[in-house]
Amino acid sequence: MIGFWIFMLIMDLLIPCTMIGLGKLFLNKAPKNINYTFGYRTTMSMKNQDTWQFAHKFCGKLWFRLGLILLPLSIIPLLFVLGKEIEIIATVGTVICFAQIVPPVGSIIPTEIALKKVFDKNGKRKIS
């Protein structure tokens with residue numbers, strides 16, 4: 001039972017740790033070239049190098065912070081099922097995993113809002 005609990009803990013830490021790692025990476029250094037395989041890829045972020053850098057810095061900061069918040073929120077519920085039956089551990093771990101999908105996907109909304117606030121529809125910075 002403890003082995004399965006440890007396995008579930010590791011699985012539930014993958015998303016927060018990935019968000020922290022990629023968040024730090026994107027915050028400090030966005031992928032050099034605009035590409036279709038790696039990075040924050042939306043129509044607006046890929047307009048030009050300026051929008052690409054801005055989106056990565058903004059989303060990186062967001063992911064880093066959200067990852068730090070998700071870390072304890074992922075561990076604490078699992079502590080309550082330590083030593084319980086495998087089915088209970090699996091259920092709690094699965095619920096945590098599905099709940100963790102919301103922050104990375106949801107971060108698209110504030111990032112796109114920030115891009116639209118700073119850039120026009122062609123990717124040119126708005127004059128403030």
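This is a predicted model: local features need pLDDT of at least 70, side-chain atom pairs count only at pLDDT 80 or more; totals for chains, interfaces and linings use all residues.
**Helix packing**

Two packed helices are described by the angle between their axes and the distance between the axes. Helix 1 covers residues 2–28, helix 2 covers residues 49–79, and helix 3 covers residues 86–99.

The axes of helix 2 and helix 3 come within 10 Å and cross at roughly 165 degrees. Angles over 145 degrees count as roughly antiparallel, and helix 2 and helix 3 are therefore roughly antiparallel to each other. Their crossing is right-handed. On the side of helix 2, the residues in this contact are Ser74, Pro77 and Leu78, and they meet Ile89, Val92, Gly93 and Ile96 of helix 3. Sorted by class, the contact of helix 2 with helix 3 holds five nonpolar and two polar residues, and no charged ones.

Helix 1 also packs with helix 3, at an angle of about 0 degrees and with the axes 10 Å apart. Because angles under 35 degrees count as roughly parallel, helix 1 is roughly parallel to helix 3. Helix 1 supplies Phe4, Trp5, Met8, Asp12 and Ile15 to this contact, while helix 3 supplies Ile86, Ile89, Ala90, Gly93, Thr94, Ile96 and Cys97. By class, nine residues in the contact of helix 1 with helix 3 are nonpolar, two are polar and one is charged.

**Leucine 78 in helix 2**

Leucine 78 lies in helix 2. Its relative accessibility is 0%, so leucine 78 counts as buried. Beyond residues up to four places away in sequence, leucine 78 touches Trp5, Met8, Leu9, Asp12, Ile89, Val92, Gly93 and Ile96. Lysine 117 is 39 residues from leucine 78 along the chain, and the C-alpha atoms of the two are separated by 40 Å.

**Threonine 51 in helix 2**

Threonine 51 also has its place in helix 2. With a relative accessible area of 0%, threonine 51 is buried. Leaving aside neighbours within four places in sequence, the contacts of threonine 51 are Met44, Ser45, Met46, Leu115, Phe119 and Gly123. A polar atom of the threonine 51 side chain lies 3.3 Å from the backbone oxygen of methionine 44. The side chain of threonine 51 also reaches the backbone nitrogen of lysine 47, at 3.4 Å.

Glutamine 100 is found in the loop between helix 3 and helix 4, the latter covering residues 102–106. The relative accessibility of glutamine 100 is 1%, and buried means under 20%, so this residue counts as buried. Apart from neighbours within four places in sequence, glutamine 100 is in contact with Asp12, Ile15, Pro16, Leu70 and Ser74. Its side chain reaches the backbone oxygen of aspartate 12 at 2.6 Å.

| Side chain | Backbone atom | Distance |
|---|---|---|
| Threonine 51 | Oxygen of methionine 44 | 3.3 Å |
| Threonine 51 | Nitrogen of lysine 47 | 3.4 Å |
| Glutamine 100 | Oxygen of aspartate 12 | 2.6 Å |

**Methionine 1 before helix 1**

Methionine 1 lies in the segment before helix 1. Is methionine 1 buried or exposed? At 56% relative accessibility, methionine 1 counts as exposed. Not counting residues up to four places away in sequence, methionine 1 touches Gly83, Lys84, Glu85, Ile86 and Ile89. Methionine 1 and lysine 84 are 83 residues apart in sequence, and their C-alpha atoms are 7.6 Å apart in space.

Note on methods:
Residues are numbered from 1 along each chain as its sequence is written. Side-chain values use heavy atoms; hydrogens and water are left out. Helices (H or I, at least four residues) and strands (E, at least two) are DSSP runs, numbered from the N terminus. Buried means under 20% relative accessible area, exposed over 50%, partly exposed in between (1.4 Å probe, protein chains only). A polar contact is a pair of N or O atoms within 3.5 Å; within protein, one must be able to donate a hydrogen and the other to accept it, and residues adjacent in sequence count only if both atoms are side-chain atoms. Contact means heavy atoms within 4.5 Å. Axes are lines fitted to C-alpha atoms, for helices over the stretch in contact, and angles run from 0 to 180 degrees between N-to-C directions. Angles under 35 degrees count as roughly parallel, over 145 as roughly antiparallel, 65 to 115 as roughly perpendicular and the rest as oblique. A crossing is left-handed if the near helix is turned anticlockwise from the far one by less than a right angle, and right-handed if clockwise. Ala, Val, Leu, Ile, Met, Phe, Trp, Tyr, Cys and Pro count as nonpolar, Asp, Glu, Lys and Arg as charged, and the others, Gly among them, as polar.
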